[in-house]
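The entries below are in the order I looked things up.

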Amino acid sequence: MDMDKLMESADSIRKAYPHDLDIGIVLGSGLGEMAEAIEDAVIIDYHDIPHFPVSTVPGHKGRLVIGHLEDRTVLCMQGRFHYYEGWSMEEVVYPIRVMRMLGIGTLILTNAAGCVNEAWKPGDLMVITDHIKLIADNPLRGVNPDALGPRFFDMTRAYDRDLAALAESAAGSLGITVRKGVYMFFAGPSFETPAEIRFARIAGADAVGMSTVPEAIAASHMGMRTLGISCLTNMAAGILGQPLSHAEVLETGERAKASFMALVRSVLRGWGQLASIS
Ligand code: HPA
């Protein structure tokens, strides 16, 4: 990891937004609109940030939206980098490292995911309690960037329990059903096969998806507190005996958007209480 590059990226953002930042938020498929709610927003296109990767997926914008949401200063990624696009894991997590360089200690990762748990249904939201990644690649493979974190690091608290509890109680007071479960990473871009989904269920997964895990690993490495929330947009492959489509993912994402946004906003409101405890 080239620390000079990271610092140059962070400096260019700090120049455009020279204030303290509380929380980094990665907006997954369908949630990009939340950035529109940010007040006094400073918007920076990824291609204007030195060394930043630039996203290629339709429906994913590639920009940072920085400003106030629920009285917190947030840095939102409208558009993330996926492994299936061809980025290395290190590139996928580059923006998370830049967030850390900017002093951000709390990260909210959102995504669309396939629902493996047969007791749940599309449109449900899930707070991630843990993850499974069976592919060998890892954003920390290679020389350890010692300035960011240790060579070997704990993953038992990769998903912060206080943040998860805050999300649960926020959902409760909003009257939103929120599930808690394990997210399993698949590299994509092919959706999983029915056999892979049966395997995922036996392995203990409740949801499957193509993002979030590399970012959560990099965040853990740097000692950030992470909250992961999935919008379960479809029953995973083979459960309903019908083909999966990206259109279905987008449609359900659209339907669940309002409660997804309300939940994240409520977490932001409660965050102050949490930060003062820790
Ligand atoms: N599998 C993987 N990623 C996904 C899915 C899925 O079923 N739905 C939304 N993202």
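This is a predicted model: local features need pLDDT of at least 70, side-chain atom pairs count only at pLDDT 80 or more; totals for chains, interfaces and linings use all residues.

**Entry 1: the shell.** I listed the residues around the ligand and got Ala112, Ala113, Gly114, Phe191, Glu192, Val208, Gly209, Met210, Thr233, Asn234, Leu244 and Val249. I used a cut-off of 4 Å between heavy atoms for this. Sorted by class, the shell has seven nonpolar, four polar and one charged residues.

Entry 2: I then looked up distances from nitrogen atoms of the ligand to N or O atoms of the protein. For the side chain of Asn234, I found an N or O atom 2.7 Å from a ligand nitrogen. On the backbone, an N or O atom of Ala112 is 3.3 Å from a nitrogen atom of the ligand. Gly114 likewise places a backbone N or O atom 3.3 Å from a ligand nitrogen. As for exposure, the ligand taken alone exposes 260 Å², and the protein buries 95% of that.

**Entry 3: where the ligand sits.** Checking the ligand against the pockets, I found that it sits in the largest pocket. Two or more residues of the shell around the ligand come from each of strand S5 (106-115), strand S8 (207-209) and strand S9 (225-235). I recorded S5 as the element that gives the most to this shell, with three residues.

Entry 4: I looked up the volume next: the largest pocket holds about 380 Å³ of space. It is lined by 24 residues, and those closest to its centre are Ser29, Tyr84, Ala112, Phe191 and Met210. Ala112, Phe191 and Met210 are also among the residues around the ligand.

Which elements each supply at least two residues of the lining of the largest pocket? I got S5, S8, S9 and helix H7 (246-277). S5 has the largest share of this lining, with four residues. By class, I noted 11 nonpolar, 11 polar and two charged residues in the lining.

**Entry 5: a cis peptide.** I went through the backbone and found a cis peptide bond from Gly188 to Pro189, with omega near 5°. I placed Pro189 in the loop between strand S7 (178-185) and helix H5 (194-203).

**Entry 6: a positive phi.** I also looked up Asp40, a residue other than glycine with a positive phi, near 50°. Asp40 belongs to strand S2 (residues 39-45).

Methods. Residues are numbered from 1 along each chain as its sequence is written. Side-chain values use heavy atoms; hydrogens and water are left out. A polar contact is a pair of N or O atoms within 3.5 Å; within protein, one must be able to donate a hydrogen and the other to accept it, and residues adjacent in sequence count only if both atoms are side-chain atoms. Accessible areas come from the Shrake-Rupley method with a 1.4 Å probe; for residues, only the protein chains shown count as cover. On a 1 Å grid over the protein atoms alone, a cavity is a set of points where a 1.4 Å probe fits but cannot get out, and a pocket is an open set with protein on both sides within 12 Å along at least five of seven lines; lining residues have an atom within 4 Å of a point. A molecule sits in a cavity or pocket if more than half of its atoms lie within 2 Å of its grid points. Ala, Val, Leu, Ile, Met, Phe, Trp, Tyr, Cys and Pro count as nonpolar, Asp, Glu, Lys and Arg as charged, and the others, Gly among them, as polar. Grid points are joined across faces, edges and corners, and a volume is the space filled by probe spheres set on the points.
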